Amino acid sequence: MSETTNTNEEKRKPPLNGRRALPSSNSNDEENEVPEMEAFGLIPRGFNPKDYLRVVDIHMFKEPHEINKQQHHTDKYYSPKLIVRRGQPFQIQIDFNRPYKPETDHFWLEYLIGRYPQQNKGTYIPVLVGNMLKPGEWGAKITHRENNSIRLSIMSSATCIVGKFRLYVAVWTPFGILRTHRNAAIDTYILFNPWCQEDAVYLDDEKEREEYVLNDVGIVFHGDINEIKLRSWSYGQFEENILDACLFLMDKAELELSGRGNPIKVCRVASAVINSRDDNGVIAGSWDNTYTYGVPPSAWTGSVDILLEYYSSKQPVRYGQCWVFAGVFNTFLRCLGIPARLVTNYSSAHDNNANLQLDIFLDDEGKVDTKITKDSIWNYHCWNEAWMTRPDLPVGFGGWQVVDGTPQETSDGMYRCGPTSVQAIKHGHVCFQFDAPFVYAEVNSDIVYSRREKNGTQVIEKIDKTHVGQLIVTKEVGGDGMLEITEEYKFQEGSEEERLALETAVMYGVKKQTTQNTTYQPQTDVDMDFQVQKAVLGSDFKVTITFRNRSRNYYTVTTYLSGNIVFYTGVTKNEFKKHSFSVKLEPSSSRAFDVVIKSSEYLDDLLDQASFHFFVTARISETGKILAMQKATVLEIPALRIKTQGEMVAGKETSMTVEFTNPLKKALENVTLRLEGPGVLRTMKKEFRQIPMNSTLIWEVKCIPQRPGLRKLIASLNCDALRHVYGELNIQVQKP
């Protein structure tokens, strides 16, 4: 029997390696035993701890209306514990069993984190009481003494670990140290501090701090460049248990506690743990339109449900696509106090071999050869920017950094991306860590259309230098409008600076394929363009193709239009429309042709985002030259309507309705509705078996709003035939 108990003991001990005396400390959750009496040697028989100064109670001033949470901008966190930001003083009060005598009594505070607290790692922090506080360094001073109580002002270091600390008060006696017992109620969370100049995430504009740290709802721009759409997303970084869930993500990523004060490290490990590839992270991605045993990406209305489900199940939550990864990442960053925003890049290049060109191969008829075309252009791609200094890079590369949790390519062996300095991308300095070449390609690639002739030579038909990354946007500060930030990422298209930045990027090793052994002579005789009519889901629309013959010759042009249903990632699901026709062009003249697309042709195969991709290729019979052009387009999807009855008062029950009219020429089956609003109601779900064609569904919801102020309700509707249906409403919740 003794044999087995022994091996169990062995198992429980963490494995030691030869290089370090203590195992690595990478869990905020684990604790060590701290002795309440630490004797210096033999204790004399007459020693009675009660003769010495003893702590009776500790007051943390941790209520939302009290001084600490007010001054530290943490009053919105739905948590009973003290939450402060680093590098800024906070107050506590200690009640002793008798008045404190500074001449003879010695006490200090101890902040501990993790299972192996060590002073040199910043995981054991003794805080001595002195006469003054130094900015950005640990210290404490007494601000007030009354009867048996003292008030302390405590300063934390502006570089200290971000996480949940345990607090002990230690009293010195001649025979040993007496400590307070373990008390979870006085645990203290310490966060990043964008209000503190010494902090690496310091942001100097109050309006921006309110938006990028304190705003708990945001906007995701999606659709495509010609049809920009927006939807709200509830970040909910202050909701109950979300802070603990975010700290758990760092434990899951096994980030050493000593690295958790560094926003660069925090962002890098988070970009890996947000997706489930290679580390069982938060969200499993799915881009194939089948979402068995999970929630379709378009149905989520915010991050809270996802983070709480992951925190309790410890298993990846199904399913996400880029805006879901970015939405959850934004919650994580804002929750910990790192200023962050969600960014959308329209026509985003997913360049498989990072050679700064997207290769689209045509067959001899001018159609795209899907077998050998590996690169794809996403209608849009969402990532995040986090604000921080970059002491690891030369001066000038701090500020906004790209971080991306969507699994696209591996970086140092894991699916993660960033932080990459936006400034470095703009100037082409892609040698600076992390992942700059990949991000540079996402916003700067050229699209090269090439065709292989019968004899094997490759002919480049067209190079499009302006299609990729033509618009990069984020939500404006303090409003719901769109802020264009394209010029933060690139210089004016075609400018001297832009060419220079490209040459710099190539010099620093971004592969730019040379176009040897390929011939490229652009043809200038005939211009071709096409326009897709804006249309609502379920209706017919037309594509208009125009030719302009600039030459003095008569030409015959054979034209081929291919309409494809695509994932928003630019990957084709199937071709639903083929149309060929022949055109006679008079010298120096223009002609336009309409091709009608009927709803019956596309409705059965439509995917999530109602995205189409049209290729038009045309061959001039007389010269053999090819014209090629492609465009993505998105149908308009009808919205949900949210209505409220009467005025809303915090703490009083109120009712609201969500309405939707089915636009399709068929019934919708198995419809799921979701409604949420941070501070108003937790996510509610309702299933409907069927909504007949042209009929209206009405769902009534009752709730009790918690917090007064301007709030937002966000709703989504989901079923197999129709996804990405959203609605939102700004509401004013009155004080009771």
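These legends accompany several close-up views of a predicted model. Local features are given where pLDDT is at least 70, side-chain atom pairs count only at pLDDT 80 or more, and totals for chains, interfaces and linings use all residues. Residues are numbered from 1 along each chain as its sequence is written, and side-chain values use heavy atoms, with hydrogens and water left out.

View 1. The protein chain is divided into domain 1 (37-191), domain 2 (207-508), domain 3 (526-634) and domain 4 (641-733), with bounds from an automatic or database domain assignment. Between domain 2 and domain 3, the centres lie 30 Å apart, taken over C-alpha atoms. Their contact (heavy atoms within 4.5 Å) takes 29 residues from domain 2 and 22 residues from domain 3. Together the two domains bury about 2300 Å², 50% of it on carbon and sulfur atoms; this buried area is the accessible area (1.4 Å probe) that two parts lose on being put together, summed over both.

**View 2. A salt bridge across the domain 2 and domain 3 contact.** Here the count is 1 salt bridge, a term for a side-chain nitrogen of Lys or Arg within 4 Å of a carboxyl oxygen of Asp or Glu. K534 pairs with E227 in a salt bridge, their closest N and O atoms being 3.0 Å apart. On the side of domain 2 that touches domain 3, β19 (376-388) is one of the elements giving two or more residues, and its 5 residues are the largest share. Helices (H or I, at least four residues) and strands (E, at least two) are DSSP runs, numbered from the N terminus.

**View 3. D305 and R674, helix to strand.** Helix α6 (residues 304-313) holds D305, while R674 belongs to strand β39 (residues 668-677), 369 residues apart. D305 is partly exposed at 22% relative accessible area, whereas R674 is buried at 5%.

**View 4. A network of salt bridges.** Take a look at E31, K81, R182 and D187, which are linked in this way.

How values were computed:
Buried < 20%, exposed > 50% of the residue type's maximum accessible area, 1.4 Å probe, protein only.
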